[in-house]
Amino acid sequence: MSELTHFDAAGAARMVDVGGKDSTRRRAVAEGLIQMQPETLRLIESGGHAKGDVLGIARIAAIMGAKRTAELVPLCHPLPLSRVEIVLESAPDAPGVRCAATVETNGRTGVEMEALCAVQVALLTIYDMCKAVDRKMIITGVQLLEKAGGRSGHWRRET
């Protein structure tokens, strides 16, 4: 198996060779937040937004984002995902919407990028659907919370 690097000996970009790695169950969890005006959050919560079910559309967008990560992030391996779970919940203290994504596969490389991409796409979709009523929204705190599987084992962000 080659050394894990995105660059060859001459410094040219390449996709990492994972062919020699064992296929294992892999999981990653990421989260993020979109902050907004309290009125915007109330509009989303009430289901009264003119564009429809904001959180339902964001959930579908997040799943699609996870599945298409390799098309968006250079040198990412396309992966057959076995599970993508998206949780969107009101965060009245922010105020805003919190998104958590859990992504799983059985494969030779992890799904951290897929979980992070899912969160970003969900939050961008909320922004897109609500920008006409609130252009001050802020996407923040997008981060990996946990990853499991593979050679490096289990990792969890300390709070």
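1. E85 lies in strand β2; helices (H or I, at least four residues) and strands (E, at least two) are DSSP runs, numbered from the N terminus. E85 is partly exposed, at a relative accessible area of 33%. The cut-offs are under 20% for buried, over 50% for exposed and partly exposed in between, with a 1.4 Å probe and protein chains only. Beyond its neighbours within four places in sequence, E85 is in contact with A100, A101 and T102. Contact means heavy atoms within 4.5 Å. From E85 to E104 the separation is 19 residues in sequence and 9.0 Å in space, C-alpha to C-alpha.

2. On the source: this is a predicted model, in which local features need pLDDT of at least 70 and side-chain atom pairs count only at pLDDT 80 or more, while totals for chains, interfaces and linings use all residues. Residues are numbered from 1 along each chain as its sequence is written, and side-chain values use heavy atoms, with hydrogens and water left out.

3. The overall layout comes next. The protein has four helices and five strands. Along the sequence they follow the pattern β-α-α-α-β-β-α-β-β. The C-alpha atoms fill a box of roughly 55 × 30 × 25 Å, taken along the principal axes. Of the 159 residues, 38% count as buried. Among contacts between residues at least 6 apart in sequence, 69% join residues at least 24 apart.

4. Salt bridges deserve a check. The structure holds nine of them, each defined as a side-chain nitrogen of Lys or Arg within 4 Å of a carboxyl oxygen of Asp or Glu. One network links R25, R83, E85 and E104. Within it, the side chains of E104 and R83 meet at 2.7 Å, N to O. E104 lies in strand β3 (residues 96-107) and R83 in strand β2 (residues 81-91), so this pair ties together parts that are 21 residues apart in sequence. E104 counts as buried at 9% relative accessibility. R83 counts as partly exposed at 31%.

5. E146 has two salt-bridge partners to look at. With R27, the closest N and O atoms are 3.2 Å apart. That pair links distant parts of the chain: E146 is in strand β4 (residues 138-148) and R27 in strand β1 (residues 24-35), 119 residues apart. E146 is buried, with a relative accessible area of 10%. R27 is partly exposed, at 25%. With R156, the closest N and O atoms of the E146 salt bridge are 3.2 Å apart. R156 lies in strand β5 (residues 155-156) and E146 in strand β4, so the pair ties together parts that are 10 residues apart in sequence.

6. Now helix α4 (residues 112-130). This helix has 19 residues and reaches 28 Å from its first C-alpha to its last, close to the 27 Å expected at 1.5 Å a residue. The expected span is 1.5 Å times one less than the number of residues. Buried positions in α4 include E114, C117, A118, A122, I126 and M129.

7. Helix α2 (residues 54-67) packs on α4 at about 145 degrees, with the axes 7 Å apart. Axes are lines fitted to C-alpha atoms, for helices over the stretch in contact, and angles run from 0 to 180 degrees between N-to-C directions. The residues of α2 that meet α4 include V54, I57, A58, A61 and G65. On the α4 side, E114, V121, T125 and C130 are among the residues that meet α2. By class, this contact has 14 nonpolar, two polar and one charged residues.

8. T40 sits in helix α1 (residues 38-46). T40 counts as buried, at 4% relative accessibility. Not counting residues up to four places away in sequence, T40 touches C130, V133 and D134.

9. Most residues other than glycine have a negative phi, and most peptide bonds are trans. The peptide bond from A94 to P95 is cis, with omega near -25 degrees. P95 is found in the loop between β2 and β3. L75 is not a glycine, yet has a positive phi of about 75 degrees. L75 lies in the loop between α3 (69-72) and β2, and counts as partly exposed at 30% relative accessibility.

Notes:
Ala, Val, Leu, Ile, Met, Phe, Trp, Tyr, Cys and Pro count as nonpolar, Asp, Glu, Lys and Arg as charged, and the others, Gly among them, as polar.
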